[in-house]
Amino acid sequence: MTDLAALREHIEILCAQNSIRIGRHSRGGSASRRGRFINIRPVKSAITYAVALHELGHILGPWQSQPRLYKEAGAWKWATENAIVWSAVMQKTMLKSLNSYLLWQRRRAKYVRLPEADHEFWQLIGS
Ligand SMILES: [Zn+2]
């Protein structure tokens with residue numbers, strides 16, 4: 001496993017290269033495309049690294065002008081493609097997050113817009 005300093009530095013480099021600021025450190029991650037900043041927990045583990053990449057994916061990744069599930073999947077797709085390492089625990093973090101959004105969407109409304117059957121979303125979520 002790459003050491004944590006390298007993971008932290010990778011997030012800093014990605015932010016610098018893409019003119020994205022780390023707005024503030026907070027428990028739940030969030031991202032502002034317009035403001036070009038992300039709010040993340042300090043990168044101190046594979047999980048916080050994965051979540052930081054995911055938040056960057058909300059600015060730099062695909063499908064961000066589409067409905068929520070697509071956005072979340074796009075941000076994770078970008079995270080997996082840009083990580084210097086993608087470990088089992090990072091994969092688990094992604095699956096947990098995507099599945100919780102899927103569950104939430106399915107409970108929520110009569111008119112749920114799930115990604116189409118051949119959408120990459122379903123590959124990411126592993127079904
Ligand atoms: Zn997200």
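Trainee: Why are H54 and H58 about one helical turn apart?
Mentor: H54 and H58 sit four residues apart in helix α2, so about one helical turn separates them. Helices are DSSP runs of H or I, at least four residues; strands are E runs of at least two; both are numbered from the N terminus.

Trainee: What kind of model is this?
Mentor: This is a predicted model: local features need pLDDT of at least 70, side-chain atom pairs count only at pLDDT 80 or more, and totals for chains, interfaces and linings use all residues. Residues are numbered from 1 along each chain as its sequence is written, and side-chain values use heavy atoms, with hydrogens and water left out.

Trainee: Back to H54. Buried or exposed?
Mentor: H54 is buried, at 4% relative accessible area. Buried means under 20%, exposed means over 50%, and partly exposed lies in between, using a 1.4 Å probe and protein chains only. H58 is buried too.

Trainee: Which residues coordinate the zinc ion?
Mentor: H54 and H58 through NE2, and E72 through OE, at 2.0 to 2.1 Å. Their spacing in sequence is H-x3-H-x13-E. Donors are N, O and S atoms within 2.8 Å of the metal (3.2 Å for Na, K and Ca); water is not among the atoms, so sites may look incomplete.

Trainee: New topic. How many residues does the largest nonpolar core have?
Mentor: It has 31, and I11, Y49, L53, L56, L98 and F121 have the most contacts inside it. Such a core is a set of buried Ala, Val, Leu, Ile, Met, Phe, Trp, Tyr and Cys residues joined through side-chain atoms within 4.5 Å.

Trainee: Which element gives the most to this core?
Mentor: α2 does, with seven residues.

Trainee: And what does L56 touch?
Mentor: Beyond residues up to four places away in sequence, L56 touches I11, L14, C15, I20, I38, G61 and W78.

Trainee: Now the strands. Which way do β1 and β3 run, parallel or antiparallel?
Mentor: Parallel, with three bridges joining β1 (residues 21-25) to β3. Strands pair if DSSP finds at least two bridges between them. R21 has F37 of β3 as its bridge partner.

Trainee: How many bridges join β2 to β3?
Mentor: Three, and these strands run antiparallel. S32 stands opposite F37. Four residues lie between the strands of this hairpin, where R36 takes a positive phi near 50°.

Definitions and conventions: Contact = heavy atoms within 4.5 Å.
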